[in-house]
Amino acid sequence: MRVYVAASSSFWDRLPGVKDQLEKLGHEVLLPSTVDDPELEERSWKDGKDAHAKLIEELFEDSEEIIGKQSDAIYLLNWDKRGIFGYVGGAALIELYIAHREHKKIFIENDVFPGLMYDEIMGFGPTFVHGDLSKIV
């Protein structure tokens with residue numbers, strides 16, 4: 001299966017290990033287009049709001065292509081961030097929506113903290129993995 005692995009950019013240093021594990025299970029792994037340049041968004045802010053907005057637009061177009069047309073599933077790595085258990089940011093929510101809209105399988109690493117966006121995320125019908133990558137089928 002072709003699996004797109006999504007995560008907050010603060011977790012990108014952990015993606016190679018997850019990618020290796022999924023590949024050992026026979027999956028083809030697709031990563032965010034900017035994973036090799038984690039400072040790209042920060043640099044775009046220095047060029048001003050318009051430059052940053054343009055970058056975000058391009059990144060969402062990349063997500064549309066990769067998730068919508070190239071993958072069979074999305075696997076969201078939602079580890080704790082800034083004291084929030086099961087952190088899901090706005091960009092990840094949009095990527096989950098793209099997967100849902102395109103009838104892709106949705107896998108999420110950890111439970112989602114009840115609160116902001118909880119109902120929306122649960123409405124996508126995700127499978128929670130909790131470290132058991134054999135659930136990604």
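Start by selecting Arg2, which is partly exposed at a relative accessible area of 28% (buried is under 20%, exposed over 50%, partly exposed in between, with a 1.4 Å probe and protein chains only). This is a predicted model, in which local features need pLDDT of at least 70 and side-chain atom pairs count only at pLDDT 80 or more, while totals for chains, interfaces and linings use all residues. Residues are numbered from 1 along each chain as its sequence is written, and side-chain values use heavy atoms, with hydrogens and water left out.

Glu28 is partly exposed, with a relative accessible area of 42%.

Next, select Glu64 and Arg101, whose side chains meet in a salt bridge at 2.6 Å, N to O. The whole structure has six salt bridges.

Then select Ile84, Phe85, Gly86, Tyr87, Val88, Val112, Phe113, Gly115, Leu116, Met117 and Ile121, which line the second largest pocket. A pocket is an open set of points on a 1 Å grid over the protein atoms alone, where a 1.4 Å probe fits, with protein on both sides within 12 Å along at least five of seven lines; lining residues have an atom within 4 Å of a point.

Finish at Ala7, Ser9, Trp12, Glu41 and Ala91, which lie nearest the centre of the largest pocket, among its 27 lining residues.

Notes. A salt bridge is a side-chain nitrogen of Lys or Arg within 4 Å of a carboxyl oxygen of Asp or Glu.
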